[in-house]
Amino acid sequence: MKYYITTPIFYPNSSPHIGTAYTTVAADAIARYHRLMGDQVHFLTGTDENAQKIVRTAEANNTDPKIYVDGVVERFKYLWRALEISNDDFIRTTEERHQSVVQRIFTKLFEQGDIYKSEYSGWYCTPCETFWMENKLIDGKCPNADCGRGVELLKEESYFFRLSKYQNTLLNYIEGHPDFIQPISRRNEMINFIKGGLEDLCVSRTTFQWGIKVPFDPKHVVYVWLDALINYISALGYPDGDKYKRYWPADVHIMGKDIVRFHAIIWPIILMALDIPLPKVIYGHGWYLTKDGGKISKSRGNVQDSFALIQRYGSDAIRYFLLREMQVGTDGTYSEDNIVERLNSDLANDFGNFVSRSLAMIVKYRAGIVPRPGQDGELERELKALSHEVKKAVDESLGSCDPAGALEEIWRFVGRCNKYVDETAPWNLAKSEDQGERLDTVLYTFVECIRIMAILTAPFMPGVPSKICALLGKDEGLIKWDEADQWGILEFGIMVQKGEPLFPRIDISKYLTEEESKSVDQNQRDTIEARPTQLPEFEPIKEEISIDEFAKIDLRVGKILSAEKVEKTDKLMKLEVEVSGEVRTIVSGIAKHYSAEDLINQYVVVVANLKPTKLRGITSQGMILAASQGDVLEVLTINKELPGGSRVK
Ligand code: ME8
């Protein structure tokens, strides 16, 4: 079976945050689940770059929009890697493969009369990239519940898309397809909205030039939402690409509730006008709010550094928290003490502890060798019955985009397994000789429970299976979704290890402010381990260059012959460096990090054709390379003794 899932393409006007991470992690868990089921999955995410707000942000940063977005897009990609997002493609709307499809569709819709030229006179909210008619504004401000910001008056020649023409067809479609918009609350909102009447949509702008040009009237750029929605098919190579033929229609577009309207109205109408099948499901989840109830958003400036969170708690724990805390159809509350609470209770105490406890008992009572089980008793039969129930419920929840529901079910199983340990009390069985076979059954059941937990949690916490498989001395072939409610899979006689705890407990007092930590239960403060430090803020990657441009830089190995600090500075070091048989003077800003003795006789990398420059009256004939981040700096050295002058390329 093919399965095509998408996230929204996010605006790269600033770094990704917990909200954008939620959508992407949720889509990732669903994509991973389908892959485990054996489906052929295509998972798309990306960035929405042709927005007016991008122009504004770039201007505010005194830079060109493309250079600006290139930097931010790197941060998106980096966060997705850190969160182990398994997307198959990443589309940027500044890519030619997207732009050409948008132009083709715009032209087609114009030629068939669905797009026409007129004049727009009304308001525009740049943060929401939305047109508003005067009568919709609230106190002259953007009526979006989560916005309320100032709007701007526009009066410009524009192209319009005939939404009104498709109003009834769309309404009939939604009413005839109860699963099309989910959950039901969103579906009802959309039905009411459409019944209120659809007006034709302004789909081009002339007051700025950043964006995709209307091919037959290039003073217009395409309105960002018309452009953005098309990503779901342009990325597949619409209309002739193999991927388009294989994967369209999408099985689910997942997004936050703020943008369901665009996906449930504009997008289906574009597709209807093009005579293309509609996506099967449009799923609008809730928002992550702060403890005070405000939406986490870039523009509100209440965004947490997601990189630091991952560094602090680990990607699996953050994924677990995000997916568990947002209940279907409602909003979730994000706070760091909630993360710590979930991590310590669900992951460290319930899951991690079961794994370590049970493996420790196998090590202790059977020298780490998984014993041959005897006959099942009542408790084993109960556990097995529960595993069937849980797997079925997890399949249903993930089938309806409800990761929190799925995790709740899985933790019902985890909870039952912990209870099984207490009920069977292996430490008592180990005391009496005639209970040997019973103990074997219990210990064998433990490893089967661990195997099942590894399978069930794999879509949510992709780091877990490999760790568990290593403890069981198996490879990841053990993770088979079909076997999540099968028993007797692991062979007896295999050797297991106790290993490190899967999820070390976190000492919250180390991370929370005093006031926050007061609100957390005292018994959570005992700790085994705390994790350190922040992940650094990386500089964005610079504009792309060609290999020829790079080849202009002549890098050579140089040998440092002498080094001395430049007087009256604390940063500069004067070096005499032998490069290609000549001795050069190079002034370098490394004095805070190195003493002269550290440097002498080191082989370093020199930019040999850099124009000489004067620093503190000394002519510096080149530069040496060093890596730096924050306060740390390290000069690049070459270990092998290559003669000074060797090329570095
Ligand atoms: O709307 N809680 O991009 P965007 C949960 N480019 N999810 C949140 C959230 C929060 N607090 N804040 C943001 C756009 N999100 C358009 C989309 S698609 C063709 C174009 C998530 O960068 C949620 O998925 O403003 C929301 O819909 C999306 O980020 C908005 O991202």
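I began with contacts in this predicted model. Among contacts in the protein with a separation of 6 or more, 73% join residues 24 or more positions apart.

Next I looked up the overall make-up. I found 21 helices and 24 strands in the protein. The C-alpha atoms fill a box of roughly 85 × 80 × 50 Å along the principal axes.

I then turned to burial and surface. The protein has 649 residues, and 55% of them count as buried. I noted an accessible surface of about 28800 Å², with 49% of this area belonging to carbon and sulfur atoms.

For charge, I recorded 79 positive and 94 negative side chains. The centres of the two sets lie 2 Å apart.

I noted the crossing of H13 and H17 as left-handed. On the H13 side, the residues making the contact include Phe 351, Phe 354, Leu 359 and Tyr 365. On the H17 side, I listed Leu 443, Phe 446, Cys 449 and Met 453 among them.

I found Asp 331 in the loop between helix H12 (315-325) and strand E14 (332-333). Asp 331 counts as partly exposed because its relative accessibility is 29%, between the 20% and 50% cut-offs. Leaving out residues up to four places away in sequence, Asp 331 touches Lys 257, Gly 286, Trp 287, Leu 289 and Met 326. Of these, I looked up Leu 289: it is 42 residues from Asp 331 along the chain, and their C-alpha atoms are separated by 6.9 Å.

Note on methods
Residues are numbered from 1 along each chain as its sequence is written. This is a predicted model: local features need pLDDT of at least 70, side-chain atom pairs count only at pLDDT 80 or more; totals for chains, interfaces and linings use all residues. Side-chain values use heavy atoms; hydrogens and water are left out. Helices (H or I, at least four residues) and strands (E, at least two) are DSSP runs, numbered from the N terminus. Buried means under 20% relative accessible area, exposed over 50%, partly exposed in between (1.4 Å probe, protein chains only). Contact means heavy atoms within 4.5 Å. Accessible areas come from the Shrake-Rupley method with a 1.4 Å probe; for residues, only the protein chains shown count as cover. Lys and Arg count as positive and Asp and Glu as negative; His and the chain ends are not counted. The place of a charge is taken as NZ of Lys, CZ of Arg, CG of Asp or CD of Glu. A crossing is left-handed if the near helix is turned anticlockwise from the far one by less than a right angle, and right-handed if clockwise.
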